[in-house]
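Visitor: Could you show me around this model and let me ask about it as we go?

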Amino acid sequence: MELRPILSALMRSKVSMILIGVQVALTLAIVCNALFIIGQRLDHMRRPSGVNESDTFLFSSSGFGHGFDPRATIREDLAVLAHMPGVASVSTTNSVPMSGGGWGEGLSLKPQQKTSTTQTTIYMVNEKGLGTFGSKLIAGRDFKPEEVADLEAGDTLRPPVIIVTQAVADKMFPGENAIGKQVYLSENPPASTIIGIVERTQQPWMSSDTVENSTFVPGYMPYGNSSRYLVRTEPGRRDEVIAQVEKKLSESNSSRIIGKIRTMEDVRRDAYAGDRAMSIILGAVIVALLTITALGIVGMASFWVAQRTRQIGTRRALGASKKDILRYFQTENFIITTFGLLVGAVLAYAFSLWMMQSYQSPRLPWYYVPIGFVCLWALGQLAVLGPALRASRVPPAVATRSV
Amino acid sequence: MLKMTHLQKVYRTHLIETHALRDFSIHVREGEFVAVTGPSGSGKTTFLNIAGLLEEFSGGEFLLDGVNVSGLNDNARSKLRNEKIGFIFQSFNLIPDLNLFDNVDVPLRYRGFGAAERKKRIEESLTRVGLASRMKHYPSELSGGQQQRVAIARALAGSPRLLLADEPTGNLDSLMARGVLELLEEINRQGTTIVMVTHDPELAARAQRNVHVIDGQVTDFDEAPRLREVAAGNADRGSGAESGRAVGAMD
């Protein structure tokens with residue numbers, strides 16, 4: 001290996017080496033952190049909601065006109081929807097996971113507790129609620145029809161029975177069986193008894209620290225003349241049912257407006273639009289940086305080959321084979337890239353530290369930088385290959401040509 | 001050492017065919033110091049390139065130290081060049097970013113010598129040209145004559161059997177040229193075969209034998225005393241009209 005003489009020659013043209021080295025260093029630092037952020041966003045986006053998203057949709061209904069009876073309409077609508085071909089289950093609900101809006105409450109172990117033990121979202125559903133959400137009951141039982149209460153907007157929630165997610169049960173009663181235990185919604189008596197535990201149902205707020213803390217309360221709570229329905233269809237029949245919903249409900253009661261029907265997949269797409277956009281932008285930045293770095297290496301190597309044609313010819317005349325010349329330029333690139341990567345590694349960890357301190361971002365895992373090293377080494381070698389091959393084709397007779 | 005027989009070199013484009021060497025024959029024996037002279041465009045450099053395995057030829061036969069070089073692939077030619085031939089160029093062709101030590105080291109690395117062996121050879125050859133004390137200097141810190149001495153050290157470091165010199169004093173003033181020439185003569189006395197291409201009749205006169213090339217053909221050969229006579233006062237013989245078509249005789 002000609003490492004020492006190449007390094008020594010490079011040290012005499014430091015500007016070019018520093019320019020490419022800095023470019024490689026910044027690329028490594030930014031690409032590692034950007035990839036890590038993308039990975040985090042993708043993990044965030046891949047979290048299961050606990051809802052059967054592929055077969056479920058929701059919509060709202062807003063009645064108008066004198067004499068509109070929201071409670072009667074809800075009962076009629078539930079009956080109409082339940083009898084539609086392809087519908088597996090239907091429930092009213094105040095909110096759904098990932099929707100961005102819902103009802104939050106504190107959960108306490110004692111009445112008048114100063115600070116809630118944990119926070120939870122409240123899903124008000126009927127006895128078909130769990131089945132409609134697709135939430136998996138892992139302990140206890142589901143609601144009975146007689147437990148579903150008619151609630152008024154503005155009521156303080158005092159449900160005698162509730163069903164909580166595993167996350168809530170673990171938080172409230174760590175290491176214990178939560179079934180039959182009593183908790184207080186917003187520290188107010190009377191207590192609610194936990195009758196069931198579901199595996200997972202996310203909150204509507206995706207950035208919440210307690211995203212899986214959800215509580216099901218049996219009840220209807222219409223907001224004025226408005227109500228919201230969640231419908232789960234038989235597998236694969238969602239779109240077919242959606243196409244019929246508005247018509248069927250209008251036939252049942254035309255004094256209302258059916259809001260935009262959204263599938264749970266739509267809800268997920270909207271919930272993570274920001275994460276997706278961020279990932280795409282960062283991905284584009286990575287591609288742009290890698291392209292610019294590769295082009296920089298190609299440009300610099302091409303310039304060096306053109307500048308050193310005579311020198312290459314001389315080396316050939318002195319006994320260098322084509323392979324020796326190819327290896328010379330590859331080694332030179334390896335040295336410059338390595339120099340850049342070493343600086344880049346420090347920058348990558350420094351950038352990660354800054355992100356941790358400024359944005360509470362997790363630490364960049366150590367293996368990102370070595371993987372980045374290998375990728376950028378490969379990129380450098382690939383980028384220099386064209387100019388290096390051109391150099392290897394310089395005929396040795398160039399050495400004797402007069403300039 | 002070097003034997004070319006009826007050598008042809010033709011450069012072809014889609015429009016033109018140029019015969020750089022035609023029916024070119026020469027035999028340089030071991031230990032000789034031969035000067036190749038001729039006007040510009042006569043084919044001297046083409047001869048040197050072919051002799052140094054820098055270019056291929058179109059026809060004829062070329063034996064280098066008994067090895068028939070026809071049909072050798074690029075790797076084999078590079079290896080043979082590295083082992084048998086030392087080059088001295090008109091423009092020195094030192095690598096500006098390497099110090100003298102590393103410049104002399106270039107052919108030795110391609111030869112595959114170990115570090116200790118390389119160091120020994122570099123020091124010996126730089127000592128031989130009187131520049132051992134300046135090993136860590138860069139070419140730009142030396143005069144033209146010193147640079148050419150480094151180039152000679154580089155050519156000698158691998159102990160070549162044949163030294164090919166292309167206008168070795170062409171870029172030097174007369175004082176420096178004399179020093180370089182004396183060095184070449186000393187190297188030749190120590191047994192290295194030298195073939196030197198030059199325009200300079202005075203320089204050619206110092207060689208043991210002179211070969212004159214015109215239009216890609218050897219038109220004349222002579223022993224040094226006669227050339228010295230020409231250099232002393234006579235006009236350049238130009239076309240070599242009085243030459244004796246001496247290809248066979250040369251051999």
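Here is our conversation about the model shown above.

Guide: This is a predicted model, in which local features need pLDDT of at least 70, side-chain atom pairs count only at pLDDT 80 or more, and totals for chains, interfaces and linings use all residues. Residues are numbered from 1 along each chain as its sequence is written, while chains are lettered from A and ligands numbered from 1 in the order in which they are written.

Visitor: Happy to start with chain B: how many helices and strands does chain B have?
Guide: Helices (H or I, at least four residues) and strands (E, at least two) are DSSP runs, numbered from the N terminus. By that rule, chain B has nine helices and ten strands.

Visitor: Which strands of chain B stand at the edges of the open sheet?
Guide: The sheet has four strands in the order β2-β1-β4-β5, with antiparallel pairing; two strands pair if DSSP finds at least two bridges between them. Strand β1 (residues 2–12) of chain B joins β2(B) over eight bridges, and one of the bridge partners is V28(B), for L2(B). The edge strands each have a single partner, so one side of each is left without a neighbour in the sheet: they are β2 (17–28) and β5 (67–68) of chain B.

Visitor: Which helix of chain B gives the largest share of the side that touches chain A?
Guide: Two residues are in contact if their C-beta atoms, placed from the backbone, lie within 7 Å. The contact takes 22 residues from chain A and 26 residues from chain B. On the chain B side, α1 (44–51), α2 (74–84) and α3 (100–111) each supply at least two residues. The largest share, seven residues, comes from α3(B).

Visitor: Is G100(A) buried or exposed, or in between?
Guide: G100(A) sits in the loop between β2 (87–92) and β3 (103–108) of chain A. Leaving aside neighbours within four places in sequence, G100(A) is in contact with P204(A), W205(A) and A271(A). With 13 other C-beta atoms within 10 Å, G100(A) is partly exposed.

Visitor: What distance separates the centres of the two domains of chain A?
Guide: Domain bounds come from an automatic or database domain assignment. Here it gives domain 1 (3–46 + 274–400) and domain 2 (65–254). Taken over C-alpha atoms, their centres are separated by 55 Å.

Visitor: Last one: how far apart are the end C-alpha atoms of residues 366–386 of chain A?
Guide: An unreviewed UniProt entry places a "transmembrane region" at several spans of chain A, including residues 366–386; UniProt positions are given in the numbering used here, feature names are shortened, and annotations may be inferred rather than shown by experiment. In the model, this span is 90% helix and 0% strand. Its end C-alpha atoms lie apart by 33 Å.

How values were computed. Buried ≥ 20, exposed ≤ 12 C-beta atoms within 10 Å, placed from the backbone.
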